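Here are my notes on the model, point by point. Please read them beside the coordinates.

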Amino acid sequence: MSKKDLGLLILILVVGTVVAIINPRFLLPINLANTSNLIGLFGILSIGQAFVIITGGIELSVGSLVALLGTLFIDFIAVREMDWPLAFVLIIALGGIIGLVHGWLITRLKLQPFVVTLCGLLIYRGVARFYTADGTAGFAFGQNFPELEFLAAGRSWGVPNSFIALIIIAIVMWVVLHRSVFGRYLYAIGKNEEAAKYSGIRTGRIVMAAYVICGVLTALSAIYFAMYTRSISPASHGQFYELYAIAAAVLGGFSLRGGEGSLIGVILGTVLLQELQNLVNLLGIPSSLNFAVMGGVILIGVLVDQQWGVFRARRLMLEATRKGAAGAAAE
Amino acid sequence: MAQRLLSGMMNYSDTSIVASAPFLSLEGVRKTYPGVVALDGFSMEVRAGEVIGLVGENGAGKSTLMKILGGVTRPDTGTITVDGLAHDGLTVEASIGSGIAFVHQELNLFENLDVAANIFFGREPLRAGPLKLVDRAKLRTQVAPLLKRVGANFSADTPVAALSLAQQQMVEIAKALSIKARLVILDEPTSSLPIAETDKLLDVITALKAEGISVIFISHRLHEVERVADRVVVLRDGMLAGTLSKSAINHDQMVKLMIGRMLKEREKAAESARAPGSVALSANGVRTSAYPDRPVDLDVRHGEILGLAGLVGSGRTELARVLFGIDESFGGSLLLDGKELVLGSAADAVASGIFLVPEDRKLTGILLDLSIAQNISLPNLSAHARRSLVSASAEAATAEKQKSNLGIRAPSVATRTGTLSGGNQQKVVLAKWLAMNPKVMILDEPTRGIDIGAKAEIYGLMRALADAGVAVLMISSDMEEVIGVSDRIAVMHEGQISGILDREHFSQENVLLLAVGKRPK
């Protein structure tokens with residue numbers, strides 16, 4: 001765990017303590033379970049985003065994808081009466097294919113990630129609304145999927161299964177990002193894509209793979225969100241979720257320029273964001289201020305981090321100058 | 001009060017010209033960087049209306065000297081006297097304020113703006129009124145005489161992007177004149193110019209001199225220095241190697257002062273060369289992005305160092321990029337050890353044992369934020385991994401071996417490469433390829449910006465590679481280096497190989513003649 005992550009963890013604990021003192025309901029099992037369920041859902045989404053951000057890219061279409069893929073998933077199992085495992089596989093594959101298309105447009109046709117995924121944001125939202133004729137996708141009365149519901153929205157030992165899923169995914173992705181050859185390539189490309197290319201790395205393929213990972217994890221979280229809300233109105237479902245994911249990554253120490261950030265960081269970022277949401281509810285802050293609180297905290301967090309970086313750089317430089325001067329005097 | 005002070009200063013500077021006291025003098029200037037003494041007790045002076053040729057090898061301390069004169073860095077010790085005022089070190093403001101102007105190798109122009117806007121950028125004459133609109137008519141009348149003084153054949157409203165390189169340099173010089181510069185420093189202005197354009201620029205220097213403006217002309221092209229300089233100052237290893245007065249300026253004298261002892265070491269290195277082996281990499285009719293209509297044929301043999309000389313912009317770097325698979329070739333074919341080779345990316349080249357040490361170390365050679373070990377393992381990471389999980393100990397082992405082999409000076413292999421000196425960074429670039437099995441090693445300006453000690457080590461490494469049967473292709477603009485290190489020299493001119501010289505025909509003159517597209521003697 002890096003110093004940055006540790007700082008974030010301490011912040012989470014401090015905020016949690018303060019909230020718990022003001023409103024002890026924060027620590028009620030039902031509140032903790034609800035919050036950790038949301039952490040699970042948004043965490044999976046944010047890990048996907050993190051893989052794209054580490055390459056210096058951005059994925060703006062995830063909110064719309066959560067709406068489109070969620071709508072399709074419910075439609076597949078509720079209306080078309082497909083077996084849910086088949087629908088699950090189809091949705092995950094669709095997420096991967098969409099990621100592949102984004103990656104292909106970005107690496108092969110050299111379009112900017114912002115532009116490609118912004119178009120995706122508009123397109124998928126529009127398609128989702130068209131697909132349901134601007135109606136609501138949901139289950140009919142009495143439709144039950146016991147195994148699916150248990151996996152998606154159930155609890156084991158009191159812990160939401162979505163949160164357990166996040167932990168498993170986080171461990172796997174931690175290994176991928178921080179220990180695997182692929183992860184090292186991602187960092188190298190994020191730091192300096194040209195130099196990575198000159199070291200013989202097939203940068204296009206690696207970046208494409210990052211978008212595929214993002215697409216797959218987005219699809220997975222889309223299914224979780226669908227099973228959580230159980231009914232989807234595509235006009236608003238998942239709106240701004242891309243910004244939650246980006247915010248979690250930025251809070252977790254990712255640089256939008258790429259090449260920086262850790263998996264623990266993005267998880268902690270998600271935790272802090274959900275904690276803040278919870279805080280707004282529990283402390284009786286008008287929920288209309290929700291976004292303002294989050295925005296404020298992110299701004300302060302990034303500011304402190306950046307100023308700390310400047311301070312450290314200045315100290316290093318001072319030391320170097322002092323050493324240089326001492327060396328010159330000695331000669 | 002301020003008014004009086006100002007007029008007093010102006011009077012003073014007027015008399016200084018009459019008395020022909022030096023406009024600028026440096027005394028005992030010393031500047032060290034961690035691990036390197038860049039300037040060591042350097043002294044020189046520049047008189048009004050004098051053209052000083054400043055020559056020295058890469059790494060001799062020229063750029064440090066420029067930084068000190070520009071006020072970007074302060075010397076550790078020494079005095080800089082400008083116009084009679086002594087300073088311990090200049091600030092950027094003081095440098096500009098005392099009339100020192102720079103024309104850099106890389107031009108600082110806004111290509112999307114026109115000539116007039118560039119010359120008066122940030123100082124545009126304004127119309128009266130609260131809107132602060134630019135007075136375009138006044139701007140034009142102010143620019144016209146400046147352009148005339150530099151002998152420009154273009155108008156003030158031409159967009160800079162439409163100008164040739166020499167014309168752009170004239171704009172820079174006009175800009176210097178517009179701030180009433182009294183010393184114009186030209187940093188390798190001709191290095192990327194074709195010959196005809198160079199003549200124009202040298203005429204401008206003569207015109208500046210006639211106006212009483214001093215010029216410091218930095219160039220690697222010694223015959224140009226010979227033509228315009230009143231005095232030549234030679235830097236070597238951060239020290240003044242000598243000063244040549246007008247009558248004593250000649251090519252051989254300058255080279256002798258610049259090279260000193262280095263020449264002998266290099267000759268010795270080259271003598272140990274053995275007979276070259278079979279053709280390793282062969283380019284047949286390859287065409288590059290720089291000159292898509294000119295096919296290039298070139299063979300590099302096992303066991304030889306083939307120098308690739310030519311002017312900047314002759315297409316050498318582009319050729320290297322094609323041979324390394326970064327750029328596509330427009331037609332033609334490559335053969336590696338007689339077998340057809342198709343390169344879709346640098347990854348393909350690396351897989352076939354063709355490695356490139358690129359020209360721009362910091363942008364493309366290494367990742368400054370990664371450690372030495374991580375940089376070295378990067379191209380061959382799967383060999384340092386088990387089940388695609390990276391093994392830090394395997395990485396460290398490879399890096400330690402290369403560190404001691406190449407003498408990379410760093411606290412440990414976990415050190416960030418961004419903190420290393422240029423020479424050590426270059427060794428890291430070399431190390432990552434040496435840790436694999438090179439068949440063909442392409443080095444693009446391998447010693448640019450590296451101090452002399454590290455240079456000699458890199459020459460030694462290249463020779464050791466060649467002795468081990470590797471085909472080495474070295475692109476270099478440093479004439480002494482090309483002649484001293486190579487077994488054969490291929491010269492490029494406007495996208496084509498204009499000739500290949502064998503050892504017995506090596507001479508600066510021959511290389512230069514081929515570089516400008518003429519026949520060698």
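1. Burial first. A residue counts as buried if 20 or more other C-beta atoms lie within 10 Å of its own, as exposed if 12 or fewer do, and as partly exposed in between, with C-beta atoms placed from the backbone. Helices (H or I, at least four residues) and strands (E, at least two) are DSSP runs, numbered from the N terminus.

2. Ground rules. This is a predicted model, in which local features need pLDDT of at least 70 and side-chain atom pairs count only at pLDDT 80 or more, while totals for chains, interfaces and linings use all residues. Residues are numbered from 1 along each chain as its sequence is written, and chains are lettered from A and ligands numbered from 1 in the order in which they are written.

3. Helix α15 of chain B. This helix takes in residues 392-406, 15 residues in all. From first C-alpha to last it reaches 21 Å, close to the expected 21 Å (1.5 Å times one less than the number of residues). B:Ser393 and B:Ser404 are exposed, on the face turned away from the buried side. B:Gly407 follows α15(B), with a positive phi near 65°.

4. Its buried side. Which residues of α15(B) are buried? They are B:Glu395, B:Ala396, B:Thr398, B:Ala399, B:Gln402 and B:Lys403. They lie on the same side of α15(B) because they cover an arc of only 165° around the axis (the arc of the directions from the helix axis to the C-beta atoms). An α-helix has 3.6 residues a turn, so residues three or four places apart point the same way. The buried residues of α15(B) pack against α14 (372-377), β18 (389-390) and α16 (422-434) of chain B.

5. Cores. A nonpolar core is a set of buried Ala, Val, Leu, Ile, Met, Phe, Trp, Tyr and Cys residues joined through C-beta atoms within 7 Å. The largest has 167 residues, and A:Ile223, B:Met462 and B:Val472 have the most contacts inside it. Helix α10 (residues 203-229) of chain A gives the largest share, 18 residues. Another core, of 70 residues, lies apart from it and includes B:Val82 and B:Ala116.

6. B:Val472. Contact here means C-beta atoms, placed from the backbone, within 7 Å. Beyond its neighbours within four places in sequence, B:Val472 touches residues including B:Glu304, B:Leu306, B:Met441 and B:Met462.

7. Chain A overall. Chain A has 13 helices and four strands. Of its 331 residues, 45% count as buried. The C-alpha trace spans about 85 × 55 × 35 Å along its principal axes.

8. Domains of chain A. Bounds come from an automatic or database domain assignment. That assignment gives domain 1 (3-285) and domain 2 (290-331). Their C-alpha centres lie 32 Å apart. Eight residues of domain 1 of chain A are in contact with seven of domain 2 of chain A. On the domain 1 side, α12(A) gives the most, with four residues.

9. Between the chains. How many residues of chain A are in contact with chain B? There are 21, in contact with 26 residues of chain B. α8 (181-191), α9 (193-198) and α13 (290-330) of chain A each supply at least two residues of that side. The largest share, five residues, comes from α8(A).

Terms used. Two residues are in contact if their C-beta atoms, placed from the backbone, lie within 7 Å.
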